[in-house]
Amino acid sequence: MDLLMPESGLLFWMTLVFVIVFLILWKWGFPSIVKMVNDRKAFIDESIKKAHEANEKLANIQKESESMLQQAREKQASILKEAAETRDAIVEKAQAKAREEGTRLINEAKAQIEAEKQNAIRDIRSQVVELSVQIAEKVLRQNLSTDAKQMDLVNRLLDEVSSDNTKE
């Protein structure tokens, strides 16, 4: 039972030691503990404030990066659109030039063919005329050996020429 009911001397010394320890702690211990707690609180508050600032900066950076990414996408789309338009213009220009060149070549070929045709017709006509003259000369020599045959031929030719003129 002595443990539950301490004696007055023990109680006095325990109280005296408690008061001395309390006074020492009050004078030097509590202020340093309070100072350490306040410093720790200030450090934590400052860290929280910096964390909030960092989060705000991160949010701003994310917004800026999203904005920059959107701008980059828009710029990429416009560049691709311009490239497609340029490609289409170049292709159209090349096709038009090819059509013009094809038309020019066809026209030149037609003109050359027509010139060759006219030359061939002239050559054939001149050959036909020459052959006709040679044949006519030989026929006339044989057929027009007499004056009567010559007069008969002249009359027939005059009749044919006059009938050709009346038909036209």
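**A close look at the aromatic side chains**

Guide: Start with F22. Its relative accessibility is 35%, so F22 counts as partly exposed; the limits for that class are 20% and 50%. Keep in mind that this is a predicted model.

Now look for ring partners. Searching the whole structure turns up five aromatic pairs. One of them joins F22 to W26: the ring centres are 5.7 Å apart and the planes meet at 35 degrees, so this pair is tilted. The tilted class lies between stacked, under 30 degrees, and edge-to-face, over 60. Where do these two residues sit? Both belong to helix α1, which covers residues 8–143. F22 and W26 are four residues apart there, so about one helical turn separates them.

Next, W26 itself. Its relative accessibility is 55%, so W26 counts as exposed. W26 also pairs with F30, and this pair is edge-to-face. Here the centres are 6.1 Å apart, with 90 degrees between the planes.

F30 comes next. Its relative accessible area is 31%, so F30 is partly exposed.

Note on methods
Residues numbered from 1 in each chain as written. Predicted model: local features only at pLDDT ≥ 70, side-chain atom pairs only at ≥ 80, totals over all residues. Heavy atoms only, no water. Phe/Tyr/Trp six-rings, centres within 6.5 Å; stacked < 30°, edge-to-face > 60°. Helix = DSSP H or I, 4+ residues; strand = E, 2+ residues; numbered from the N terminus. Buried < 20%, exposed > 50% of the residue type's maximum accessible area, 1.4 Å probe, protein only.
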